[in-house]
Amino acid sequence: MAYQHKLAEKLTILNDRGRGVLIRMNYIKKACSDSKLRPSFLMDKAMESAMKYINKKFPSIDFRGSSVSSQHASHGPAVHHLVPSNGTRFCCTSHTRFIATIVCRDHVYELLNTIDACQCFFNITVNFDFTKSFLDLIVTYASVIIMLSRIDDKKVLVGMYNCAHEMSNGNSEPSYPRLGQMFLEYEQPLKKLTEEFGPHTKVVTEALLSLQMVYPRRNLPVEQWRSAQLLSLLSAPAAMLSPACCDTMACEYLSMDVMERWIILGFLLCHSSLNTNAASQELWKMALRSGLYLTLIRDEVINIHKFSEDYFDGLKGYSKRVADIKECREHVVTNCGAIHREKRHFLRNAVKELYKILEDEPGLLGPKALFVFMALSFSRDEIGWLVRHSENVPKTKTPEDYVDSQIAELLFYMQRLRTLLAKHNSVIQRYHVMYLAQFDSLVINDTIQSMYVCPEEESVLMSSFISILSALSLKQVENGEEFDFKALRLDWLRLQAYTSVSKAALALKEYPDLAKIMNMTQFHTRLMDDIDGLLVEAADISILCYYPRVFEKMFTQGSEDVAMQRYLMAFPMACTHFNQSCHDMCPEEKRSLKLCVTFLEEIARQTCTVVLEICAEQCNLNDQLLAKHCADTISRARNKKQKKQMPKKGEVQKEKPGTESQRKDRAIVTNMDRMHLTLSELCTAFSHYPDFTVFNHIVVPAEFLLSQLETRLTKTIVRMANYNQTTHEISRPSDLLAGIRAYTASLHSLSCYINIDMTRLVKCVLLQQTQPLDSQGGQTITTLYTNWYLEGLLRQASNAVIIHCPTMHCFMNQTIENERTFHAEEFSDIVEMQALAELLGPYGLKFLSENLMWHITSQVAELKKLVIENMDTLVQMRAKFDKPETMANLQKKLTGCENVLKRMTIIGVILSFRAMVQDSLGDRHCPFLMGPIECLRDFLPPDSDVKMTLSVYELASASGLPCDIDPVLVSAIASMRTDNSSSEEEYKLTCLLLVYIAVSLPVLSLDSNSFYRREYGGHQNNIHCLTTAVNQLSAAMFTVQRKNIEQHLKEFLLVASSTLLQLGQNSERLEAKNRESIYLLLHLIVEESPFLSQDMLESCFPYVLLRNSYREVYKTFIHTLG
């Protein structure tokens, strides 16, 4: 008869089904109570009257309004539109799940009646799986009903669905009457449940009382744990290699929360035994003293004392039980917090010791595997208790007992034990494959042989156990074969069911040795093929997922304690447990990485903060060693030889660099020591787990740190530039470069703590700084320095406040008195330009060049306008440049000469600055490519296509090599052409522009600042930059127009020579004041031009004039000796 009932199969299926239904009920409750998940139609004010009507009349609701009294007639229109389109799906889903509750209840009733009829025997220490499944079924069913009673909107949802069904199909939904009746019956769930379980009191009580052998032993005070040296492998060194086993293997890692749920809810359902059975009463009171809250599912709890007291208050003869409840509650509030605090303290040390030993000797995982699961189970129980009670802290004098800032350590070593089991799984398999084949199978065989009665079905099952276990060998492990003992374990469950009915030929309770060896064998088989399942049972801490506030508070407390920072990775690792609580019957439950990401970002943020603080300190120390600070040191060293002066009162003597490293006592801890200690602790957290999986997402903790470092380092570099847009102040490029180098050196030391690619990070950050905007859309040093040099330095250079100094290869401030906000030479000398080139790189310099070209093209556009205004005059001057009288008359008609020269000077200043930057780029980047690029530039055939030539020049220019034709300028000039302008017109304007410049040169002699300064190598008003402007601008413009550059520059030379020679005709004229300095411009133009030669100049301008001019300007130079 027992074979036909299939009790084992039904218990297995119904438990899984019942848990799914329970999770569904919890989801509906959450969806209806959470404002973010609540369906919109339930919050619609227009629906309030209809929902109140349904709640009031449920389940007898006249949806059509035909029999509704005049009082409710006004509800008719609302009721006819009860189910909006956006709520139909939710109502339908909820209705289906409520029906599943009825179906589950029917199957549970049927199975309980069958079990009662069979008078099954339950004992957790004998038929463990059978008893556990039975108790799980009872508690799951009771939890489903309690959860159902907590759904406030269940009547509205079912009523709306039935309304929609009736309007669509013309009749009521078939299951509606049963649903309505069930909702009414379970409004007070315990009352109805106790009535239903009245007939099952005997069998339930028997199962619960079997916990007397297990629960008290698991609920021992911490003093007894310490005296017994629980979980210690070192307490008995001689027995270290002996296998850990006992009569109740599976009970040793059974959850305390599960057992307490069995006891509390079980005795509430069958409360009559509490008044008749002293053992039941003692077990029940022990469970009541364990805590205040009991988990139903997820974060749904019941206050066990209030829940029990409220129910027993309404029953006669239970006044003593109410008094017991109050007494137990007082005991919990007074003592439980301290008891569990001490347990957690003990477990932290015990689990840590166990892990250290097993890590050192992983071979002990074979015989001592049970210790690992016990340690995990005990820790899981304490964490679960703390989480439940931290969310609902009772009124107590010691609230600190419900706060644990060191929980990170316990979580961490739990995770390390799990990792150890996974890492050394082969060790465990090798040990237990031999154990099963050479011990368990033999003991089972001996036990069977000693039986005096063994029916055929049971005999077949037990024979199969022996044959399966005997066939195992070590080669299967060595060959990597997959083991699967699920069938064996299911057969053992079946055998428990067959042998636990009242009239079974083979009664399991008469053969406790068989139960003992089979329970132990089952544990050993699970170590072979289901170690993950064992870990779920013993170490599941997914409860943390449903208490995010408590979980985050624990993390915050741990992160504030330096000693706990190395264990912080346990918090995101705990998120890997969250998928264990999911169920296939409720796939829509929210599965979020939010908690995991929050923890990792916070750990990364703290680490990043410490790293950058260390870098900033190192940068400050490095700054003290820069050459700019040596003046004071030199001055003090020089004064040592003289009479020692007394320091001024209150004056603080400046310490030398390096004094911060001198210590008289090693016990003195500096701020840098503390930061390095914090950094080592935080980096240790990152080094434990390179990656892990949460909800099928692979999470790499180091990437969070790299991301934070990238963002923060980018902002730090920009901040180090100290750019002030109001005052136009900025750090010198060399200072910023030194700071970045100090930061980079410190960042590379991070690789000593954690295995991350700092080189890739630094390259990524610095490469972003060569772009106008970084990856976050923020300004970079490329943008800042481009704006500063354009608005700060070049704008003043355009007004001759700052002059270009070719001799010193920099810009310098004029010696005239003016308000100088900065020293130009400190931002433009060779060192600074090289630093700027290294900071911005080729990409940044390209951006800088593009901005410079924009200013040049705007000047060229204005120059073309001036040419057009004077076109007729310029055409005549171009044709008659060799006729002095005619030129003199035409010169008077020409307007805007000063404007032309001013704009050309501005262009020259910009191009001179760009040349300085390009020269500084040099071979600092990709030096191994410089040789081939130089060869490509130098040996380019003269008759090459223009596009090819410009492509080569663009490559050479990006490498910092000077080119005959500036490709960037050519591109900028070409972009100025419009569809309306023809090539002939552009060509004519270009030719006339050169003529315009040539005939305007004599005007420069009127300016007193046009004097050539030998020490500068140029003119005081920057007109020497005209040479760069004429050469590069003409080359670019004629390249765009595909004309001969050399031919037109010769023409310019002829016109300019003829015009300048007119200055010498009358030495008394005002124009002749600075004519020698102006003559030198012709020589400078020819000297800089790759298309002109000295022979060409001498053919049209006497060399003797140039020689005399140089002699004249050099006369005024004052020679000084240092």
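Predicted model: local features only at pLDDT ≥ 70, side-chain atom pairs only at ≥ 80, totals over all residues.
Colleague: Let's start with Arg178 and Asp106. What makes the pair a salt bridge?

Modeller: The closest N and O atoms are 3.1 Å apart. The cut-off is 4 Å between a Lys or Arg side-chain nitrogen and an Asp or Glu carboxyl oxygen, so the pair counts. Arg178 sits in helix α8 and Asp106 in helix α5, 72 residues apart.

Colleague: Why is Arg178 called partly exposed?

Modeller: Its relative accessible area is 41%. Buried means under 20% and exposed means over 50%, so Arg178 falls in between. Asp106, with 30%, is partly exposed as well.

Colleague: And Glu252, is that residue buried or exposed?

Modeller: Buried, because its relative accessibility is 9% and the limit is under 20%. Glu252 forms a salt bridge with Arg217, with the closest N and O atoms 2.5 Å apart. Arg217 counts as partly exposed at 36%.

Colleague: What does that pair tie together?

Modeller: Parts that are 35 residues apart in sequence, since Glu252 lies in the loop between α12 and α13 while Arg217 is in helix α11. In total, the search finds 46 salt bridges. Some share partners: Lys29, Lys30, Arg150, Asp299 and Glu300 are joined into one network that way.

Colleague: Which residues have the most contacts inside the largest nonpolar core?

Modeller: Phe134, Trp262, Phe373, Phe571, Phe811 and Met904, in a core of 360 residues. Helix α36 gives the most to this core, with 15 residues. There's also a second, separate core of 5 residues, including Ile803 and Met812.

Colleague: Last one: how much space lies in the largest cavity?

Modeller: About 60 Å³. The search finds 6 cavities of 30 Å³ or more. In the largest, 14 residues form the lining, and those closest to the centre are Pro243, Ala244, Pro367, His432 and His524. Helices α18, α20 and α24 each give two or more residues to that lining.

Colleague: What is the lining like by class?

Modeller: It has 11 nonpolar, 3 polar and no charged residues. Pro243 and Ala244 are among those closest to the centre, and they count as nonpolar because Pro and Ala are in that class.

Terms used:
Residues numbered from 1 in each chain as written. Heavy atoms only, no water. 1 Å grid on protein atoms, 1.4 Å probe; cavity = no way out; pocket = protein on both sides within 12 Å on 5 of 7 lines; lining within 4 Å. Points joined across faces, edges and corners; volume = space filled by probe spheres on them. Helix = DSSP H or I, 4+ residues; strand = E, 2+ residues; numbered from the N terminus. Core = buried A, V, L, I, M, F, W, Y, C linked by side-chain atoms within 4.5 Å. Buried < 20%, exposed > 50% of the residue type's maximum accessible area, 1.4 Å probe, protein only.
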